[in-house]
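User: I'm new to reading structures and I'd like to know how the labels get decided. Could we go through one together?

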Amino acid sequence: MSKYEDAMAIMAERFGKDSLIAVATTDGKRMYNRIVDAYYQDGAFYITTYALSNKMKQIEANPEVAVCAVDWFSGHGNAKNIGWVLNPKNAEIRQKLRKAFVWYDNANNEQDQNCCIMEIRLTDGMLIKDHHAIRYQIDFANKTALLSENWGEFS
């Protein structure tokens, strides 16, 4: 496997379930950060949220976000509202979110068309394994990764 494929396997294992991540946005004047439940798949995090929330207003004005996970990942991406959870185009990801988030029905009013899914398409990130023994510097856009072992140079 390539370094990128190795990194993607770790991402899927760690975050292909209900995962807490911090998402940072800006309103142009100040930075805002919040913890959200997210599900990772194929280079993107997915979050159920409310279309009229401050974070979605901030993302509409500036889609560039920063993310950080306790499970040793930080990075950047472009966020967007991919629409109402019951939109037929969201059926596949909605089912995965319902399965991953055991609390889904208690927290989401699917009848409200502002109940939406935010997608954060990752652009770059740093994935750490084995307490910094292994670090992957990931370029999601170009599907490449550099590897550093034991705090060495990236190769």
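User: Which residues does Thr25 touch, not counting those up to four places away in sequence?

Analyst: This is a predicted model, so keep that in mind throughout. Thr25 touches Arg30, Met31, Tyr32, Arg34, Lys55, Gln58, Ile59 and Val65, leaving aside residues up to four places away in sequence. Each counts as a contact because heavy atoms lie within 4.5 Å.

User: Where does Thr25 sit, and why is it called buried or exposed?

Analyst: You'll find Thr25 in strand β1, which covers residues 19–26. Its relative accessible area is 1%. The cut-off for buried is under 20%, so with 1% Thr25 is called buried.

User: What makes the pairing of the Thr25 and Arg34 side chains a polar contact?

Analyst: The distance joining those two side chains is 2.9 Å.

User: What about Trp151, buried or exposed?

Analyst: Trp151 is also placed in the segment after β8. With a relative accessible area of 55%, Trp151 is over the 50% cut-off and so counts as exposed.

User: What is phi in Asn150 and in Trp151, and why mention it?

Analyst: Phi is near 50 degrees in Asn150 and about 65 degrees in Trp151. Both values are positive, and neither residue is a glycine. They get a mention because most residues other than glycine have a negative phi.

User: Now the whole protein: how do you know that its radius of gyration agrees with a compact globule?

Analyst: With 155 residues, a compact globule would have a radius of gyration near 15 Å. The protein has 16 Å, so the value agrees. Its C-alpha atoms fill a box of roughly 50 × 35 × 25 Å along the principal axes.

User: How many helices and strands are there, and what share of the residues is buried?

Analyst: The protein has 4 helices and 8 strands, running α-β-β-β-α-β-β-α-α-β-β-β from the N terminus. Of its 155 residues, 45% count as buried.

Conventions. Residues are numbered from 1 along each chain as its sequence is written. This is a predicted model: local features need pLDDT of at least 70, side-chain atom pairs count only at pLDDT 80 or more; totals for chains, interfaces and linings use all residues. Side-chain values use heavy atoms; hydrogens and water are left out. Helices (H or I, at least four residues) and strands (E, at least two) are DSSP runs, numbered from the N terminus. Buried means under 20% relative accessible area, exposed over 50%, partly exposed in between (1.4 Å probe, protein chains only). A polar contact is a pair of N or O atoms within 3.5 Å; within protein, one must be able to donate a hydrogen and the other to accept it, and residues adjacent in sequence count only if both atoms are side-chain atoms. The radius of gyration is taken over C-alpha atoms; the globule rule is 2.2 Å times the number of residues to the power 0.38.
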